[in-house]
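Trainee: I am new to this structure and would like to know what stands behind the words used for it. Please show it to me, and then I will ask.

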Amino acid sequence: MLKRKNICKFISEVTADKLEILCFVYESEHEIMTAETVEKSHRAILIKEGEGRIVTGGTSHSFSAGNLIFTFKGETVKMITQSCEYMYISFDGNRSEALFRRFGISEANRKFDGFESMIPLWHDSLSRASESNIDLTAEGMLLYVFSKLANTVSEQAGIINEVIQITEDAFSNPELSLSAVAEELNYNPKYISHLFKEKTGINYSEYLKNLRIKYAVALFDSGVNSVKNVAALSGFSDALYFSSVFKKTVGVSPKEYKETKNKKWRSYVKGRQQEFM
């Protein structure tokens with residue numbers, strides 16, 4: 001029987017938007033890379049070696065080898081580093097904006113880890129490129145980065161979903177912590193902490209606290225009156241600490257919340273809940 005080895009994958013959405021490639025550069029000159037500049041186009045920067053910080057629009061981002069960083073047209077950029085080498089592709093055009101939207105790339109989400117494998121590919125492609133094909137080489141490398149970024153974004157979203165699922169299933173366990181979740185998923189706690197904050201906009205500890213307080217409010221609403229029991233069921237081993245966190249989060253103490261029957265007061269508290277849930 002004849003085995004077919006053809007692979008055919010159709011593109012569901014074809015875009016006519018233009019992607020303009022302006023240059024493909026290997027940079028190692030310290031004076032050039034540390035000079036403050038205003039970007040005339042977008043850049044995809046791949047850190048080859050070294051470490052430091054990149055300051056953009058008043059915000060600072062640390063970087064090291066294997067990081068992929070995007071800077072955007074019109075913003076002021078300055079690198080702070082003692083020793084660093086990197087490559088970058090400058091680009092512009094309508095399609096660049098579409099790609100940024102597609103992968104959620106923005107001023108708040110510009111740095112990505114795990115691109116070490118791209119370093120030799122970029123370096124080799126740039127070294128071999130000639131004047132006749134540098135445009136194709138640079139565009140190919142940039143689009144390959146975006147294709148890899150799609151997998152990275154998907155993988156990171158999967159990790160966050162797993163973190164949330166584990167937390168929702170076990171938040172009533174007072175021993176639950178970011179370190180415990182990271183250990184279960186076999187990831188470094190610092191990586192999970194950074195990724196969670198980057199993708200959700202809130203620290204994991206804050207998320208866990210809000211989840212526990214939300215459940216405590218639901219218990220009081222369902223008729224559970226013992227503060228000690230509600231604290232234990234919500235994942236707090238200390239009732240006094242629970243009361244302190246509850247009041248700080250909701251705006252009233254557990255005793256005040258469970259005793260009041262005033263609808264306007266309950267309405268106010270419910271409004272406060274929306275601020276932390």
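Mentor: Start with a definition: helices (H or I, at least four residues) and strands (E, at least two) are DSSP runs, numbered from the N terminus. Ser234 is placed in the loop between α8 (227-233) and α9 (239-250). The model is a predicted one, where local features need pLDDT of at least 70, side-chain atom pairs count only at pLDDT 80 or more, and totals for chains, interfaces and linings use all residues. Residues are numbered from 1 along each chain as its sequence is written, and side-chain values use heavy atoms, with hydrogens and water left out.

Trainee: How many helices and strands does the protein have?

Mentor: There are eleven helices and seven strands.

Trainee: Why is Ser234 called buried?

Mentor: Buried means under 20% relative accessible area, exposed means over 50%, and partly exposed is in between (1.4 Å probe, protein chains only). Ser234 has a relative accessible area of 0%, so it is buried. Of the 277 residues of the protein, 40% count as buried.

Trainee: Which residues is Ser234 in contact with, leaving aside its neighbours within four places in sequence?

Mentor: Contact means heavy atoms within 4.5 Å. With those neighbours left aside, Ser234 is in contact with Phe171, Ser172, Arg212, Tyr215, Ala216 and Leu219.

Trainee: What makes a set of residues a nonpolar core?

Mentor: The members are buried Ala, Val, Leu, Ile, Met, Phe, Trp, Tyr and Cys residues joined through side-chain atoms within 4.5 Å. The largest such core has 27 residues, of which Phe70, Phe91, Ile105, Trp122 and Phe146 touch the most other members. Its largest share, six residues, comes from α4. A second, separate core of 17 residues includes Ile159, Val163, Leu195 and Tyr204.

Trainee: What is Phe70 in contact with, leaving aside its neighbours within four places in sequence?

Mentor: Among its contacts of that kind are Phe91, Ile105 and Phe146, as well as Arg43 and Arg110.

Trainee: How do you know how many disulfides there are?

Mentor: A disulfide is a pair of cysteine sulfur atoms within 2.5 Å. A search of the whole structure finds zero disulfides.

Trainee: Is Cys84 buried or exposed?

Mentor: Its relative accessibility is 5%, so Cys84 counts as buried. Cys23 has a relative accessible area of 28%, and is therefore partly exposed.

Trainee: Why does Asn186 count as exposed?

Mentor: Asn186 counts as exposed because its relative accessibility is 70%. This residue lies in the loop between α5 (178-185) and α6. Asn186 is not a glycine, although it has a positive phi of about 65°.

Trainee: And what makes Arg102 exposed?

Mentor: Its relative accessible area is 64%, so Arg102 is exposed. Arg102 lies in helix α2. Arg102 and Ala150 are 48 residues apart in sequence, and 8.9 Å apart in space, C-alpha to C-alpha.

Trainee: What makes a space a cavity?

Mentor: On a 1 Å grid over the protein atoms alone, a cavity is a set of points where a 1.4 Å probe fits but cannot get out. Grid points are joined across faces, edges and corners, and a volume is the space filled by probe spheres set on the points. A search of the whole structure finds one cavity of 30 Å³ or more, and the largest cavity has a volume of about 40 Å³.

Trainee: Which residues line the largest cavity?

Mentor: Lining residues have an atom within 4 Å of a point. For the largest cavity they are Lys111, Phe112, Asp113, Gln156, Tyr191, His194, Leu195 and Glu198. The largest share of this lining, four residues, comes from α6.

How values were computed: On a 1 Å grid over the protein atoms alone, a cavity is a set of points where a 1.4 Å probe fits but cannot get out, and a pocket is an open set with protein on both sides within 12 Å along at least five of seven lines; lining residues have an atom within 4 Å of a point.
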